[in-house]
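Visitor: I'd like to go through this chain with you piece by piece. Could you take my questions as they come?

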Amino acid sequence: MPDGCEAHRGALLHFLDDPGNDPEPRPHSMAYFEDGLLVLHQGKVIAAGAASEWLPRLPAATQVTCWQDGLIVPGFIDTHVHMPQLGVMASYGAQLLDWLETYTFPHEARFSDVDWARVEARRFTDLLLCHGTTSALVFCTSHPESVDALFEAAEERGMGLTAGKVMMDRYAPEDLKDTTSGSYTDSLALLKKWHRRGRQRYAITPRFAATSTPEQLALAGQLAEEYPDAMVQTHWAENIGEITWVRELFPERTSYLDIYDHYGLLGDHTVLAHGIHIDDEDRRRLADTGSRVAFCPTSNTFLGSGLFDFRAARNADVAVGLASDVGGGTSLSMLATMAEAYKVCRLRGQTMTPWQAFYLATLGNARILHRDDECGNFQPGNLADFVVLDHHASPMLSMKEPYINNLSETLFNLMILGDDRAVAATVVAGKVRHQRPAIPQSEASLPLSPMQGG
């Protein structure tokens, strides 16, 4: 054990593989230690296991932070979220296309102002950390300034973000549209500047098929071919009106998915947000190409877009991530996102176990974004991104505590009743980037606080 390491003690949970979606997780898919120890050195994990095993091995001067009654899990990862849309969350009474025109586009237009973009990027990254999210796949705006601002904020906080400039050369306000060739030039310059600079990754980002000309989609596909390790992100099959419109704009293509396929935008580095109104042929093509879908339950229900068929996607071997989709989504909390995903599944006559939900928000989403070699669980060598969860954090969670019989019920209570109050601390690459103020005794029976020890 090297000198200069540090450790965090508390209940410890992480996933080693997909646990499945049955009441009991698949064997060897997870590791849980009721009294666990996470040992770090220079921001990376060097050990995760039982405190009784690892405490005696620590050098005498090792600082041990004990999280009383805390549950330590890997940092949450969000596979689809919009940095510039914080201000349009909870905007009333519109479906997708009206919502874009009425709320989203006017708000995004402000990001041509570099000072505004920097303020909002800092606000966005700080709010992610408050909610326990340490990595994400992010839409910026069509302004290069918005991308620079976001990556700068992520670097300051040590976060690993994947993001890109929106490509949108038609059917948008003039102050948001880019040009066909300019979108390629700007995206290429940003990619060369930020892709694989530290923890940052670039994502080629056509907004969706309707707002890009065929020429722009072709250039996006060319960029994806030139840089195959860059991600591709866009929207797909979210809303019936959107699908009808796209079909009218591309009558020569056999389906909405065929548009992206034709222009070279499918593959195992592609994340398509939503994918609600699709069929088995679409799912087969997704599986064949390795393309991924981001399940965005809070935005799908809030905008009335529809209910994602989680079981059909899993049965077809489609890789599915879980995403907040703020600002159509109503919370940056991946706990709230898990809760809504469970409800969407129930409305479809399906379920989502707490094992599956927490897997998706951690290792599952890391795999979607090709980041599982650096985060998503506590394998030695991974960066020490983690969240300390407090299952006494609110009056309701505290009330339920006496009725909990096992870990599954603890996780389920956290995902159904939890929110940002349940995030006691967020740690990125070994550094505490967010710590919740102490909760008064009148608000929770057992406030969580770290205790230093050696």
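Visitor: Where is V427 placed?

Guide: In this predicted model, V427 sits in strand β15, which covers residues 423-428.

Visitor: And is V427 buried or exposed?

Guide: V427 is buried, and its relative accessible area is 0%, which is under the 20% cut-off used for that class.

Visitor: What is V427 in contact with, leaving aside its neighbours within four places in sequence?

Guide: With those neighbours left aside, the contacts of V427 are T134, A384, D385, F386, V432 and R433.

Visitor: Let's zoom out. How many helices and strands does the chain have?

Guide: The chain has 15 helices and 17 strands. Its radius of gyration is 22 Å, close to the 22 Å that the globule rule gives for 454 residues, so the chain is as compact as a globular protein of that length. Taken along the principal axes, the box filled by the C-alpha atoms is roughly 65 × 45 × 40 Å.

Visitor: What share of the residues is buried?

Guide: Buried residues account for 61% of the 454 in the chain. As for the accessible surface, it comes to about 17,000 Å², and 49% of that belongs to carbon and sulfur atoms.

Visitor: How many positive and negative side chains are there?

Guide: There are 37 positive and 58 negative side chains, and the centres of these two sets lie 2 Å apart.

Visitor: Which residues touch the most other members in the largest nonpolar core?

Guide: That core has 105 residues, and W236, Y256, F358 and L389 are the ones that touch the most other members. Helix α13, residues 354-368, gives the most to this core, with seven residues. In soluble globular proteins, nonpolar side chains tend to be buried together.

Visitor: Take F358, then. What does it contact beyond its neighbours within four places in sequence?

Guide: F358 is in contact with F15, F76, L335, M338, L389, L411, L414 and M415 once those sequence neighbours are left aside.

Visitor: Switching to loops, where does T211 lie, and is it buried or exposed?

Guide: T211 lies in the loop between β9 (201-206) and α6 (214-226), and it is buried, with a relative accessible area of 1%. Apart from neighbours within four places in sequence, its contacts are M168, D169, R170, Y171 and Q216.

Visitor: What about A60, buried or exposed?

Guide: A60, found in the loop between α1 (51-54) and β4 (63-74), counts as exposed at 83% relative accessibility, a value over the 50% cut-off for that class.

Visitor: Which peptide bond is cis around G327?

Guide: The peptide bond from V326 to G327 is cis, with omega near 5 degrees, and G327 is placed in the loop between β13 (319-322) and α12 (334-347).

Visitor: I'd also like to check backbone phi. What is the value for D317?

Guide: D317 has a positive phi of about 60 degrees although it is not a glycine. D317 belongs to the loop between α11 (310-315) and β13, and at 64% relative accessibility it counts as exposed.

Visitor: And what is phi for H370?

Guide: Phi of H370 is near 55 degrees, again a positive value in a residue other than glycine. H370 lies in the loop between α13 and β14 (386-390), and with a relative accessible area of 30% it is partly exposed.

How values were computed. Residues are numbered from 1 along each chain as its sequence is written. This is a predicted model: local features need pLDDT of at least 70, side-chain atom pairs count only at pLDDT 80 or more; totals for chains, interfaces and linings use all residues. Side-chain values use heavy atoms; hydrogens and water are left out. Helices (H or I, at least four residues) and strands (E, at least two) are DSSP runs, numbered from the N terminus. The radius of gyration is taken over C-alpha atoms; the globule rule is 2.2 Å times the number of residues to the power 0.38. Buried means under 20% relative accessible area, exposed over 50%, partly exposed in between (1.4 Å probe, protein chains only). Accessible areas come from the Shrake-Rupley method with a 1.4 Å probe; for residues, only the protein chains shown count as cover. Lys and Arg count as positive and Asp and Glu as negative; His and the chain ends are not counted. The place of a charge is taken as NZ of Lys, CZ of Arg, CG of Asp or CD of Glu. Contact means heavy atoms within 4.5 Å. A nonpolar core is a set of buried Ala, Val, Leu, Ile, Met, Phe, Trp, Tyr and Cys residues joined through side-chain atoms within 4.5 Å.
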